[in-house]
Amino acid sequence: MTNSTTPSSLLLLASSRYTNLCLLLGFGLTTSYAIGITETDNTNTTSCSARKGGGGDVLMLEPHKETSSGILFPHLCNAMTFVGCGVRVKYGFVKVYAVGTYMDPVAMSAIKTQGPAAIEKALLNPAYPRTIRIVMNRGLSIEKYTAAIVDALSPRMGGEDMDKLDEFKKLNPPVDLIEGAEMEMTIRGNTMLYKNSVGGVGQIESVVFCRALCDVYYGADSVSLGHKEQVIKGVQKL
């Protein structure tokens with residue numbers, strides 16, 4: 001007897017079951033987040049998005065709150081698992097954005113039991129996949145946002161692949177960021193996949209750029225030490 005089940009029918013079945021679960025557990029939520037499922041060339045990927053207000057009927061799986069800003073992070077993003085978040089502070093008191101990290105539990109399975117030092121070393125290695133999710137806590141011009149990222153990356157790149165900084169700027173449309181705007185940077189080896197604030201996607205190919213980006217958020221001089229500390233603790237709990 002031939003099994004006629006196709007990837008599309010399985011996707012529809014999973015979507016139906018997920019919708020029923022959402023309606024059962026998430027009805028009437030005023031702040032909701034969706035875990036989307038997309039089928040592309042027989043590969044299913046997940047992505048995270050936020051929908052505030054409107055009485056949405058989508059269940060947010062285990063939300064995590066950045067305590068100083070109140071910004072929520074979904075438990076899953078781009079098929080990876082939340083491990084920690086923090087806030088980027090400028091001038092000692094201005095909370096510019098919240099930042100959260102998502103890691104691949106399988107990739108970190110051998111590292112998570114080796115202690116904080118080993119985990120920090122792995123976080124600095126772009127070979128370990130992760131998504132860095134930024135959510136704005138206040139409005140900011142796109143010029144100031146890109147300049148801050150570039151200024152943090154530049155001294156960490158040792159004069160190599162400096163043209164990638166201009167590539168990064170071009171991945172961001174000329175639209176100022178509003179409170180709640182989201183950006184995602186997914187690092188996999190020498191590739192950084194980027195989703196900008198309006199949902200546009202692009203990528204940068206450079207191990208130098210990716211390693212520098214890891215150092216910005218997980219290095220000794222991290223732009224958010226609280227975020228880094230929470231990520232190290234979170235990895236141990238994966």
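Modeller: Happy to! Let's begin with Lys-164, which makes a salt bridge with Glu-167, their closest N and O atoms being 3.2 Å apart. Keep in mind that this is a predicted model.

Colleague: How many residues apart are Lys-164 and Glu-167 in helix H4?

Modeller: They are 3 residues apart in helix H4, so about one helical turn separates them.

Colleague: And is Lys-164 buried or exposed?

Modeller: Lys-164 is buried, because its relative accessible area is 14% and buried means under 20%. Glu-167 has 30% relative accessibility, so Glu-167 counts as partly exposed.

Colleague: Nice. How many salt bridges does a search of the whole structure find?

Modeller: The search finds 6 salt bridges. One of them joins the side chains of Arg-133 and Glu-182, at 2.9 Å from N to O. That pair links distant parts of the chain: Arg-133 sits in strand E8 (residues 130–136) and Glu-182 in strand E9, 49 residues apart. Arg-133 and Glu-182 are both buried.

Colleague: Which residues are linked in a network of salt bridges?

Modeller: The network links Arg-133, Glu-182, Glu-184 and Lys-195.

Colleague: Changing topic: how many aromatic pairs are there in the whole structure?

Modeller: The search turns up 5 aromatic pairs. Take Phe-82 and Tyr-102: their ring centres are 5.7 Å apart and their planes are at 75°, so this pair is edge-to-face.

Colleague: Why is the pair of Phe-168 and Phe-209 called tilted?

Modeller: The planes of Phe-168 and Phe-209 are at 40°, with the ring centres 6.3 Å apart, so that pair is tilted. An angle over 60 degrees would count as edge-to-face, and one under 30 as stacked. Phe-168 lies in helix H4 and Phe-209 in helix H5 (residues 207–218), and the pair links these distant parts of the chain, 41 residues apart.

Colleague: What about the surface? Where does negative charge gather?

Modeller: There is a surface patch of negative charge made by Glu-160, Asp-161, Asp-163 and Asp-166. Asp-163 is found in helix H4, which covers residues 163–170. With a relative accessible area of 44%, Asp-163 is partly exposed.

Colleague: Last one: where is Leu-177?

Modeller: Leu-177 is in the loop between H4 and strand E9 (182–188). Leu-177 is buried, with a relative accessible area of 3%. Its C-alpha atom is separated by 9.7 Å from that of Lys-144, which is 33 residues away along the chain.

Definitions and conventions:
Residues are numbered from 1 along each chain as its sequence is written. This is a predicted model: local features need pLDDT of at least 70, side-chain atom pairs count only at pLDDT 80 or more; totals for chains, interfaces and linings use all residues. Side-chain values use heavy atoms; hydrogens and water are left out. Patches are made of residues with over 30% relative accessible area and no salt bridge: like charges are joined within 9 Å, nonpolar side chains (Val, Leu, Ile, Met, Phe, Trp, Tyr) within 5 Å. Accessible areas come from the Shrake-Rupley method with a 1.4 Å probe; for residues, only the protein chains shown count as cover. A salt bridge is a side-chain nitrogen of Lys or Arg within 4 Å of a carboxyl oxygen of Asp or Glu. Lys and Arg count as positive and Asp and Glu as negative; His and the chain ends are not counted. The place of a charge is taken as NZ of Lys, CZ of Arg, CG of Asp or CD of Glu. Helices (H or I, at least four residues) and strands (E, at least two) are DSSP runs, numbered from the N terminus. Buried means under 20% relative accessible area, exposed over 50%, partly exposed in between (1.4 Å probe, protein chains only). Rings of Phe, Tyr and Trp (its six-membered ring) pair if their centres lie within 6.5 Å; planes under 30 degrees apart count as stacked, over 60 as edge-to-face and the rest as tilted.
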